[in-house]
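This report describes selected residues and strands of the structure shown below. The model is a predicted one.

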Amino acid sequence: MSIETSATVGRFGPFGGRYVPETLVPALLELEEAYAAARADPAFGKQVTQVLKEFVGRETPLTPAHRLTAAWGGAQVWLKREDLAHTGAHKINNTIGQVLLALRMGKKRIIAETGAGQHGVATATACALFGLPCEVYMGALDVERQALNVFRMRALGATVRPVELGSKTLKDAMNEAMRTWVSQVQDTHYVIGSAAGPHPYPTIVRDFQAIIGQEVRTQSQALFGRLPDAIIACVGGGSNAIGVLHPFIGDKQVRLVGVEAGGHGLNTQQHGASLTLGTEGVLHGSRSLVLQDENGQIQEAHSISAGLDYPGVGPELAFLVKTGRMEIRTATDDEALQAFYEVSRSEGILPALETSHAFARGAELARELGKGKHLVINCSGRGDKDVATIAARGIPAAITGNKS
Amino acid sequence: MSGEIAAAFAKAKARGEGALVAYAMAGDPDLPRSVDVFAAMVEGGADILEIGVAFSDPIADGPVIQEASERALKAGASLKRVLNEVVPEVRKRCPETPLVVMTYINVVMALGEEKYAKLAREKGISGTILPDLPPEESVGIRAAFDAVGLDLIPLCAPTTPPARAEAIARDARGFVYCVSVAGVTGMRAELPVDLSSRLELVKRASPVPITAGFGISTAEQARAIGAHADGVVVGSALVRAAHADGPAAARQLCAEIKRGLKR
């Protein structure tokens, strides 16, 4: 036997690959093979589709946002409603698919990491549905920030393991989940929630999330007779973004826009803007754009949103940005908060703080596009999980003054 | 090939001993005092020194080495500073001992793979271990290392299937680092029962010496492994000893493990 190089396998241009301890390589090869077989098996596809329909509630609607459209004075705004998927975010699309894949592979238990808790809840949900034990690693700081989701995971029967190392956020939870996986790789499947990590994860997660964009294609044809002129999504690790954008990569007339966490501002070093300010590096098993210092030490990211304070990003998004196919912008914590209230009050939808970043750049994009154009905003998740964080800051006087 | 590593194994063998590859974290507790730890380990009988360079996200390491990384980063350790400030001092005090760097690929990439290879060789480094760089990803970097005679030391895991283990061994530089347990670095009370047969398989295929590491902390474990491998790697146990009781404790533990390696 000789060992093939992965110069092309699992690569998106220079990004991607499989940078993990040798202990995990055979498991990743097994996963790659099992996934290829599952993908080629119509029965597996049918099973996933059926669970998504009967349990998750797909398809999710494409809702016209009449009052935002009027207020922004530009393109017609449409909301892809992943907040209406069971568990309240797009994350469930991937966990259903991966847990079914794990069952097919004969795995006995599931581990996962989570930042905001949405992926943890989605994994715990899929595990409860199919009767698999589930362990979720979560940064201790996020355990505090996302108490509601911690309770939900525990109620669903999952074990939540707070990680006290490093920045105590998603990055450290992912390190700990990988370390655990190294010790238990024979009978355990690691459900990664972002389109990140070692090959084949970025491909698997993207494929399971691409249902979002595929539905947008069909729905936009039915609702306004053509493809949207632009699609905008928030980017942490990037699973909702690659999911809604991927089916449109070949449609050059569709502008693809990602919005990263600007945190306290791009000049403060307290942000999560790895596509905007990151440099090439290896984090959590793949080569991508990462926030790091000149010595290759990974920097701590910051965002008001626990789902966006990750110093890396999925390799395919890095490739799309590097090649110019995708535009990247940022929104600060304050802009996201402002957008949260704006969307809540004008559309009757409490968006997740992650999603609020996409909304924060929506107005300018709608105006850039102009009237007669169609803008889709991926409403990746609902904000119920964030109300404690947001309420703790108090409703700004400017907002209460306008509306009360 | 550097040649120094092979010579160190041969010397130990000629004395009727298995080789001890001893790991410590450069910069723990600070840069100068980590030099004392390395020197003490050689006094205790270490045949090869493994110089840990801290990384912020060490996914192959258990808690003992993770915490050492955090201390080293706080003390200002970086690959450049380790090569410029720690390695020359260690060289001075242990001129006969081959030095091997262990760090993560991102740390080397940040400096530049070719630049690192050249600088490391200039400073007297014989080999490098990158635990998150499996063979599939290592072709380019190995060519850069080969060009200057720096050995890229491969790892073999308990989960590695036999044919793959043989392929890794056949192509190895320096020595083969057989990971004894499926897991991260750290001490273990017991080692897997099938370890000896895995070591024999790798040994048959490998043109270079083979070692086992991860989980080894006692003379008894060293003796058991020494029957099937050319040496052992000890890391977490030494890091813990040095952190708790200073260089002398690391020296003593090295001497104890060396006793286990006598044939």
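## Surroundings of Asn378(A)

Apart from residues up to four places away in sequence, Asn378(A) touches Lys80(A), Glu82(A), Ile212(A), Ile232(A), Ala233(A), Asn240(A), Val244(A) and Thr355(A). With Asn240(A) there is also a polar contact, side chain to side chain, at 3.0 Å.

Asn378(A) belongs to strand β14 of chain A, which covers residues 374–379. Its relative accessibility is 0%, and Asn378(A) therefore counts as buried.

## Met105(A) in a loop

Met105(A) lies in the chain A loop that links α4 (91–104) to β5 (109–114). Because its relative accessibility is 17%, this residue counts as buried, the cut-off being under 20%.

The residues touched by Met105(A), leaving aside those up to four places away in sequence, are Glu30(A), Leu31(A) and Ala34(A). His189(A) is 84 residues from Met105(A) in sequence, and their C-alpha atoms are 9.0 Å apart in space.

## The open sheet of chain B

In chain B, nine strands form an open sheet with parallel pairing, in the order β5-β4-β3-β2-β1-β9-β8-β7-β6. The edges are held by β5 (151–152) and β6 (155–156) of chain B; each has a single partner strand, so one side of each lacks a neighbour in the sheet.

Strands β1 (residues 19–25) and β2 (residues 48–52) of chain B run parallel and are joined by five bridges. Within this pair, Met25(B) stands opposite Gly52(B) of β2(B).

## Helices across the sheet

Helix α6 (residues 113–122) of chain B lies across β3 (99–102) and β4 (125–129) of that chain, at about 135° to β4(B). Helix α11 (residues 236–245) of chain B lies across β1 and β9 (231–234) of chain B, and runs at about 50° to β1(B).

Technical notes
Residues are numbered from 1 along each chain as its sequence is written. Chains are lettered from A and ligands numbered from 1 in the order in which they are written. This is a predicted model: local features need pLDDT of at least 70, side-chain atom pairs count only at pLDDT 80 or more; totals for chains, interfaces and linings use all residues. Side-chain values use heavy atoms; hydrogens and water are left out. Helices (H or I, at least four residues) and strands (E, at least two) are DSSP runs, numbered from the N terminus. Buried means under 20% relative accessible area, exposed over 50%, partly exposed in between (1.4 Å probe, protein chains only). Contact means heavy atoms within 4.5 Å. A polar contact is a pair of N or O atoms within 3.5 Å; within protein, one must be able to donate a hydrogen and the other to accept it, and residues adjacent in sequence count only if both atoms are side-chain atoms. Two strands pair if DSSP finds at least two bridges between them. Axes are lines fitted to C-alpha atoms, for helices over the stretch in contact, and angles run from 0 to 180 degrees between N-to-C directions.
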